[in-house]
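Look at the model first, then read on.

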Amino acid sequence: MTARVIDGKAVAREVRDEVASGVQRLLAAGGTAPGLATVLVGDDPASEVYVRNKRRLSVEAGMVDLHRHLPGDVDQATLEALLDELAADPAVSGILLQLPVPKHLDADALVARIPAEKDVDGLTTLNAGLLAQGRPGLRPCTPAGVLRLLDEYDVALSGVEAVVVGRSPLVGKPMAQLLLGRHATLTTCHSRTKDVAEVCRRADVLVVAAGIPGLIGADAVKPGATVIDVGIHRGENGLVGDVRYDEVAEVAGLLTPVPGGVGPMTIAMLLANTLTAAIAQQGLLEELGG
Ligand code: NAP
């Protein structure tokens, strides 16, 4: 078997177009354009690239760029004061604190300053709790993007065996909860799992977010399964994922590439969250939907 390849770039473009149309509908309904405040601390080159792309694509979708850049030696109190200011500013629909922040800062305490309704990364305790309870809220962008890919490719989730490798608060845990919310029979693997390949072989839908290049090979994939690779690593020959693409492509039915799979979806879902947040804050949820 040779797997069908999931085109994350195309789906991400579709989501961004939907968001751009949604922004126009918001303006036509008398609302104001969503404002996205990305907050970057320090000069980490990878973070700078991520933030630059988020800003560029938010402007392309018709949003207002309210970016803030602080020096790497900023103290906790100054950063908390900035987040409080953004929280109170009605022009700011969404706040995205680019992680990781420098080690001398308390990231959890910083995220806690972001009001849940502006938490477009879906990382606050309130949004995580709403997800855990299956109630509406802003969802973490990467797992939300994976769910959208699965839906675009009509992958059945109700009643199927789904396995998520990884249990981070950013990816694995919310991914598992989103799949549970769609009635999958769910198993999570992590670093203490005794035989990861054996558990993964059960999966009709396998989502891998372990952060270990090439962790998952053909021996861990059920023939015909859908395999979503969240991992991103810069290797000698460019970007690679957590899945050994060439060998898994021979076994899987549907597979995401790296790059061009999950990656582009993360920013697209950030824009979708920012629009949803703006619509809710402007009291237009009933008129325009989420
Ligand atoms: P993380 O915080 O390091 O979490 C990794 C998870 O994998 C942990 O739960 C860990 O288990 C588990 N794990 C580690 N080794 C394992 C093993 N040998 N077998 C099974 N599970 C194992 O990473 P993350 O933030 O979730 O990110 C995961 C990957 O996705 C990274 O490569 C990251 O770069 C990528 N990523 C991509 C995007 C995107 O837009 N495409 C977005 C975010 C992240 P324990 O809990 O037991 O330690």
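This is a predicted model: local features need pLDDT of at least 70, side-chain atom pairs count only at pLDDT 80 or more; totals for chains, interfaces and linings use all residues.

## The ligand shell

## Polar atoms at the ligand

Ser168 has a polar side-chain atom 2.5 Å from an oxygen atom of the ligand. For Ser191, a polar side-chain atom also lies 2.5 Å from an oxygen atom of the ligand. Ala210 takes part through its backbone. A polar backbone atom of Ala210 is 3.4 Å from an oxygen atom of the ligand.

How much of the ligand does the protein bury? Taken alone, the ligand exposes 930 Å². The protein buries 70% of that area.

## The second largest pocket

Now turn to open space in the protein. The second largest pocket contains about 850 Å³ of space. Its lining is made of 38 residues. Closest to the centre of this pocket are Gly137, Leu138, Arg139, Asn273 and Thr276.

Which elements give two or more residues to this lining? They are α1 (8–28), α5 (125–132), α6 (141–152), α7 (172–181) and α10 (263–281). The largest share comes from α10, with 8 residues. Sorted by class, the lining of the second largest pocket has 20 nonpolar, 11 polar and 7 charged residues.

## One cavity

Rolling a probe the size of a water molecule over the atoms shows where empty space is left. How many cavities of 30 Å³ or more does the count give? The count is 1. The largest cavity has a volume of about 40 Å³.

## Two domains

The domain assignment divides the chain into named parts. Domain 1 covers 30–115, and domain 2 covers 141–263. How far apart are the C-alpha centres of domain 1 and domain 2? They lie 29 Å apart.

## Backbone exceptions

Most residues other than glycine have a negative phi, and most peptide bonds are trans. Some places in this chain go the other way.

Start with the peptide bonds. Leu99 and Pro100 are joined by a cis peptide bond, with omega about 0°. Pro100 sits in the loop between β5 (94–97) and α4 (107–111). A cis bond also runs from Val258 to Pro259, where omega is near 0°. Pro259 is in the loop between β12 (254–255) and α10. The helix α10 is the element with the largest share of the lining of the second largest pocket.

Now look at phi. Is the phi of Asp154 positive or negative? Asp154 has a positive phi of about 55°, although Asp154 is not a glycine. Asp154 is found in the loop between α6 and β6 (161–165).

Terms used. Residues are numbered from 1 along each chain as its sequence is written. Side-chain values use heavy atoms; hydrogens and water are left out. A polar contact is a pair of N or O atoms within 3.5 Å; within protein, one must be able to donate a hydrogen and the other to accept it, and residues adjacent in sequence count only if both atoms are side-chain atoms. Accessible areas come from the Shrake-Rupley method with a 1.4 Å probe; for residues, only the protein chains shown count as cover. On a 1 Å grid over the protein atoms alone, a cavity is a set of points where a 1.4 Å probe fits but cannot get out, and a pocket is an open set with protein on both sides within 12 Å along at least five of seven lines; lining residues have an atom within 4 Å of a point. Grid points are joined across faces, edges and corners, and a volume is the space filled by probe spheres set on the points. Helices (H or I, at least four residues) and strands (E, at least two) are DSSP runs, numbered from the N terminus. Ala, Val, Leu, Ile, Met, Phe, Trp, Tyr, Cys and Pro count as nonpolar, Asp, Glu, Lys and Arg as charged, and the others, Gly among them, as polar. Domain bounds come from an automatic or database domain assignment.
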